[in-house]
Amino acid sequence: MSLRKIVIAIDGYSACGKSTTAKEVAKILGYKYIDSGAMYRAVTHYFLEHYVSLTNPKEIANALDGIKISFHINEDKETETFLNGMNVEKEIRKMKVSDQVSQVSALKPVRTAMVHQQRRLGKDRGVVMDGRDIGTVVFPDAELKVFMTADMQVRAFRRQQELLEKDKLVDLMEVMENIHMRDKIDTTRAESPLRKADNAVGIDTTHITLDEQVDEVIRLAISRILKVSF
Ligand code: CDP
């Protein structure tokens with residue numbers, strides 16, 4: 001019996017638990033996990049470090065030519081993001097990157113470059129990718145599309161806890177403002193705005209646990225895998 005591998009796209013708003021769910025689902029299925037948001041964060045980190053002007057197309061194009069993003073698994077089996085061979089996992093989670101990432105991600109050349117890399121990473125299928133436009137633009141043919149939402153207070157509190165685990169104490173109001181600002185830019189931008197794909201399954205994570213989220217996605221994934229395999 002050979003089971004076909006599928007693409008699982010998990011899109012949605014910031015801090016709804018997309019990455020945590022996607023990582024766990026990938027581990028259970030033996031699939032690759034790709035954090036597309038980490039790629040946009042790495043580009044933003046590079047732009048900040050090199051003072052790239054967001055209104056200068058030539059500078060943006062040159063910068064994109066000089067960026068190579070890769071993922072490596074560390075000894076704790078966690079995926080870490082590398083930019084031009086340097087581990088930037090810690091840097092890209094900082095608030096200074098969160099404050100700029102949606103402006104950078106709204107730029108067309110940035111999206112074109114990242115979508116190209118994301119499609120390459122998922123070309124053999126067997127991948128769980130989370131982001132904003134995975135089900136709508138990157139893999140419109142994904143066999144399973146999930147769209148996650150959650151109440152703002154819950155999302156902000158969860159993100160604050162995540163930052164605390166990395167020894168970063170950020171004011172709840174600052175976290176909330178950042179999430180609110182990114183939601184606004186991500187949903188209203190001209191290029192690939194955040195929206196639920198017509199055939200995506202909606203999951204509201206406000207009142208459910210991480211285990212319940214993972215169970216639900218696994219249940220959906222198994223039914224899609226069986227459907228395409230037989
Ligand atoms: O972790 P969180 O949900 O807060 O965000 P993320 O997945 O790390 O993504 C950071 C930012 O990258 C988002 O707010 C979007 O502006 C952008 N992004 C995007 O435009 N398209 C994607 N596929 C993924 C992220």
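This is a tour of one predicted model, stop by stop, with what to select at each.

The model is predicted, so local features are given only at pLDDT of at least 70 and side-chain atom pairs only at pLDDT 80 or more, while totals for chains, interfaces and linings use all residues. Residues are numbered from 1 along each chain as its sequence is written, and side-chain values use heavy atoms, with hydrogens and water left out.

**The sheet**

Start with the open sheet of 5 strands, whose order is β2-β6-β1-β7-β8 with parallel pairing. Strands (E, at least two residues) and helices (H or I, at least four) are DSSP runs numbered from the N terminus; two strands pair if DSSP finds at least two bridges between them. From one strand to the next the twist averages 20 degrees. Angles here run from 0 to 180 degrees between N-to-C directions, with axes fitted to C-alpha atoms, for helices over the stretch in contact.

**Strand β1**

Select residues 7–12, strand β1, together with 144–149, strand β7; the two pair in the parallel sense over 5 bridges. I10 stands opposite V146 in β7, and the bridge partner of D11 in β7 is F147. β1 also pairs with β6 in the parallel sense over 5 bridges, and there V128 is the bridge partner of I8.

How many residues of β1 are buried? The count is 6 of the 6, so β1 is largely enclosed by the rest of the structure. Buried means under 20% relative accessible area, exposed over 50%, and partly exposed in between (1.4 Å probe, protein chains only). V7, A9 and D11 cover one side, and I8, I10 and G12 the other; all are buried.

**Helix α10**

Next select 210–229. The 20 residues of α10 should span 28 Å at 1.5 Å a residue, and the end C-alpha atoms are 28 Å apart, which agrees. The expected span is 1.5 Å times one less than the number of residues. Colour Q213, V214, V217, I218, L220, A221, I225 and S229, which are buried. These buried residues pack against β1, α1 (18–29), β7, α8 (152–165) and β8.

**The hairpin**

Move to β3 (residues 69–73) and β4 (residues 79–83), which pair in the antiparallel sense over 5 bridges. F71 stands opposite T81 in β4. The two strands form a hairpin with 5 residues between them, and K77 in the turn has a positive phi of about 65 degrees.

**E91**

Select E91, in the loop between β5 (86–87) and α4 (95–98). Is E91 buried or partly exposed? E91 is partly exposed, with a relative accessible area of 25%. Apart from neighbours within four places in sequence, E91 is in contact (heavy atoms within 4.5 Å) with H45, K96 and V97.

**R182**

Finish at R182 in helix α9 (residues 172–188). R182 is buried yet has no salt bridge, that is, a side-chain nitrogen of Lys or Arg within 4 Å of a carboxyl oxygen of Asp or Glu. The nearest side chain of opposite charge is D186, 5.1 Å away; Lys and Arg count as positive and Asp and Glu as negative, with His and the chain ends not counted. Leaving aside neighbours within four places in sequence, the contacts of R182 are S14, R41, S98, V101, S102, R132 and R159.
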